[in-house]
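Here is a short briefing on a structure. Read it with the chains open beside you.

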Amino acid sequence: MTSSCTLVEALLQPLKTTRYSIPEWELCIRQARASQLLARLATTLEDEQLSQHAPPPVQAHLLAARQHQAHLSTAIRNEVTYIETAIRAAGAQVVLLKGAAYELAGLSPSRSRIYNDIDLLVAKDKLEDIEINLMLHGWSSTSQDAYDERYYRQWMHEIPPMRHIERHSLIDVHHNLVPETSAIRVDPAKLLKETRSCPNNPEIHVLAPNDMILHSAVHLFNDGEFDHALRDLFDIRDLVRETVRSSDDWKRLITRAEELGLQRPLYYAVRYLNLVLHEEVAEHLDSLRTHAPSATKLALLDRMFIRGLQPQHATCDDFATGIARFSLYIRGHALRMPLRLLLPHLAKKSRKRLLNNLIGTRDAG
Amino acid sequence: MTEGLLTLYNQFPVEPPTTFSDFHIEVTPPKGLRRWIRPQSIFVFDGEIPFKPLAANQAFALLEWGMNWCIYNHAHHFLIIHGAVLERNGKAILLPAPSGSGKSTLCGALMSRDWRLLSDELILIDPDDGKITPLGRPVSLKNRSIDVLRTFAPGHYISAPIHDTAKGSVAHMKSTSDSMLRVDERVAPHWVIFPQYMENQEATLTPLGKTDVFMALVENAFNYNILLEKGFVSLARLVDSITGFKATYGSLDQVITHIDQLADESGG
C-alpha cells in the first residue's frame, strides 16, 4: 500500500529530510499543501532544528506557511470574541469544537493548524435564540434553498453554516456531535456538563480533554469527507500525547468513551494512530478489543481507511484509492442516516450538482 | 497558449526537473463535452481547480491570472503589494495601484524607455532586507491601453488581444530581454508613485507625506494583514527608505519626463 508517502515519512522521521533531493522536497511540499499539513511540516522541522537544512526555496514555503498559520490563529481569536458577544446576548455559553477549541485552549495541534471555519456546540433549547443573536451580529445563513434548509434542520446535528456579511468568517453551530439520524447516539448534555473554560478566556469553553479526543475520533471516522483526514489524525495524535499519558489516563478515556457510546470511533482512532502514524498505542487496542468490528469487516476497513488517511494528492494514490475514498464517502453517509433517507438524499444531491454544472458552466463560458 | 509562452517567455531558461518548482500548474481543456462544445480552458493547481473555467481562447490570460493567484495566495514570505515595479541604476520605482488606474500602461511605457521591468502586477518585498524580487513576466494590458502602447512603443511585441474576458480585452506586452535575463537581481526600493491617469491632465508629481504613503500602501497590499507585526515593520521601513508621490497625468510622454528627471536628479 501507499504508506511510503514522502510527506508522512518527513513528518514521522524528520531527520530523513536532511537527505532529501530537490525533487523529493518538491513532492513533500506539494503533498503537505494538498493535505493542509504545510504548517505542520514547518513546525515539525523547527522542533527538530532541521529547518535550516532545507534548501532555500523550501524554507521560503515553510516560512510562508508559518506566517499564514500565525495569521489564522490571530484571526480566529478575534472572531471568537465577536461570537462570544453574540452568544452572550442570547444568554448562552460559547463551547468551541475542533480547530478553534485547540487554538483558544492553547493545545498542541493549534501550532500547526489551518482553520476553515469555527465550530460551536450549543444546547438545542438555546439554538433559536443563538441563531437570532448571531444574525443580529451580522451572520447570515448560507443555505442555498428550501431542500438544504430542511436537510439540516430535520436530520443534521447542526444548522446550515452561517457566514458573516462583512468579515466572511464561517461558523457551524452544532447541537450535537453526530446527526439526529445517525446510528451512534451521543447525549450532548453529558458533554456540556463537563466543559472547561479556556486559559485567559474564562468566558470561552471547550470540551473536556477526553471528550475532545472522542469528538475528533467520531468526526474523523464516521464522516464521509476524507480530504483532511491525515491532518485530523495528526490532531488526535497531538491531543492523545498531551492528555493521555498514564495507563490510568487511558482507562479514564475508555470509560468516558463507553459513557458516551463512542467506543467504536475510539477503537479506530487508536488502531490508525498505530497503523498509519506508528504511534506506540497498540497495547491499548487490547483494552478496546471488545469494541472492535469483526475481523472480516476490519480487514476491509483497513484497506479503506489506510488509503483515506494518506495525503490527498495524486502522487499518494494507488489503484484502489479512488474506490476507497468513494466507499468512505458512502459509508460516512450511511452512518449519518438510514438508507431510506440516504438514497433519496444522494439522488437529490447529484441531480442538483449536475444541474449546477450545466447551468454554472454556461454562465462562466 | 503555447504560442504565447514561446513568444512572451522566450528568454526564460527551461529548468531541468532537478530545479525546485514552487507551483505545479496546468491550463487544459476540461474533460467531457466542454472539450468540444463551446470549448473551455481550466486552470489546474496541483490537481485542484481553484476557479471557474474560461472560454478556450482565453487560455493564456487564465495562465497569467492563475500564476498571480498562486503567488499572492501562497508566497507569504514576501510582503505583496498590488502594483508595478521597475528599476533603473539599481533603484526601484514602485507604482502601487488598483486595476483601472493606468498602472500597467505606465509600466509598459516606462519599460519601453529603458526601465527594467520587475513586475507589472505583484511587488514582492522581502521582509528581511526590504529588497524586491523580480518576476520579469509580460505586462498585462487591458482595453484602450493595448492600442495606446502599440503607438507609444511600436518596437515592442504585444500579443493579439483576447476579447470578452472578465476584464474586457486583454493583451500581453513582452518584457525586454534585460527584464527577463536579470530576473535574479533583487533591487532596493527608492520611489513610490501612485499613478492616476486623467484625460487631458497636465502631468504633475505631488510629494506625499509618509503617513499617506503608508496608508495607501496598506490599501494596495495583498497580505499586509497576514504578515501581522512583520507586515507593519517591513512597510514602515519601506516608507522610511523611499520618497513618495502622487502622479496625475494625461500624457505618458509628460509623466515619463518627470519620472526620468527624478531618477537623474538622484544621481543615477
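A:His205 is in contact with A:Gln93, A:Val94, A:Val95, A:Leu96, A:Thr195, A:Arg196 and A:Ser197, leaving aside neighbours within four places in sequence. Contact here means heavy atoms within 4.5 Å. The model is predicted: local features need pLDDT of at least 70, side-chain atom pairs count only at pLDDT 80 or more, and totals for chains, interfaces and linings use all residues. Residues are numbered from 1 along each chain as its sequence is written, chains are lettered from A and ligands numbered from 1 in the order in which they are written, and side-chain values use heavy atoms, with hydrogens and water left out.

**A:His205**

- A:His205 sits in strand β7 (residues 201-206) of chain A. Helices (H or I, at least four residues) and strands (E, at least two) are DSSP runs, numbered from the N terminus.
- A:His205 has a relative accessible area of 11%, so it is buried. Buried means under 20% relative accessible area, exposed means over 50%, and partly exposed lies in between (1.4 Å probe, protein chains only).
- The side chains of A:His205 and A:Gln93 are joined by a polar contact of 3.2 Å. A polar contact is a pair of N or O atoms within 3.5 Å; within protein, one must be able to donate a hydrogen and the other to accept it, and residues adjacent in sequence count only if both atoms are side-chain atoms.
- A polar atom of the A:His205 side chain also lies 3.3 Å from the backbone oxygen of A:Glu203.

**A:Phe226**

- A:Phe226 lies in the loop between α9 (209-221) and α10 (229-243) of chain A.
- A:Phe226 counts as buried because its relative accessibility is 4%.
- Not counting residues up to four places away in sequence, A:Phe226 touches A:Leu220, A:Phe305, A:Gly308, A:Arg325 and A:Leu328.
- A:Glu131 is 95 residues from A:Phe226 along the chain, and their C-alpha atoms are separated by 29 Å.

**Nonpolar surface patch**

- A:Ile323, A:Phe326 and A:Ile330 make a nonpolar surface patch of about 290 Å². Patches are made of residues with over 30% relative accessible area and no salt bridge: like charges are joined within 9 Å, nonpolar side chains (Val, Leu, Ile, Met, Phe, Trp, Tyr) within 5 Å.
- A:Ile330 belongs to helix α15 (residues 321-336) of chain A.
- With a relative accessible area of 32%, A:Ile330 is partly exposed.

**Interface of chain B and chain A**

- Chain B and chain A bury about 2,200 Å² between them, 58% of it on carbon and sulfur atoms. Buried area is the accessible area (1.4 Å probe) that two parts lose on being put together, summed over both.
- On the chain B side, B:Phe20, B:Asp46 and B:His77 lose the most area to chain A, together 28% of what that side buries.
- The contact takes 25 residues from chain B and 23 residues from chain A.
- The rule finds one salt bridge across this interface. A:Arg30 and B:Asp46 meet in a salt bridge through their side chains (2.8 Å, N to O). The term means a side-chain nitrogen of Lys or Arg within 4 Å of a carboxyl oxygen of Asp or Glu.

**Positive phi in chain B**

- B:Asn143 is not a glycine, yet its phi is positive, near 45 degrees. B:Asn143 lies in the loop between β9 (139-142) and α4 (144-152) of chain B.
- B:Asp164, also not a glycine, has a positive phi of about 60 degrees. B:Asp164 is in strand β10 (residues 162-165) of chain B.

How values were computed
Accessible areas come from the Shrake-Rupley method with a 1.4 Å probe; for residues, only the protein chains shown count as cover.
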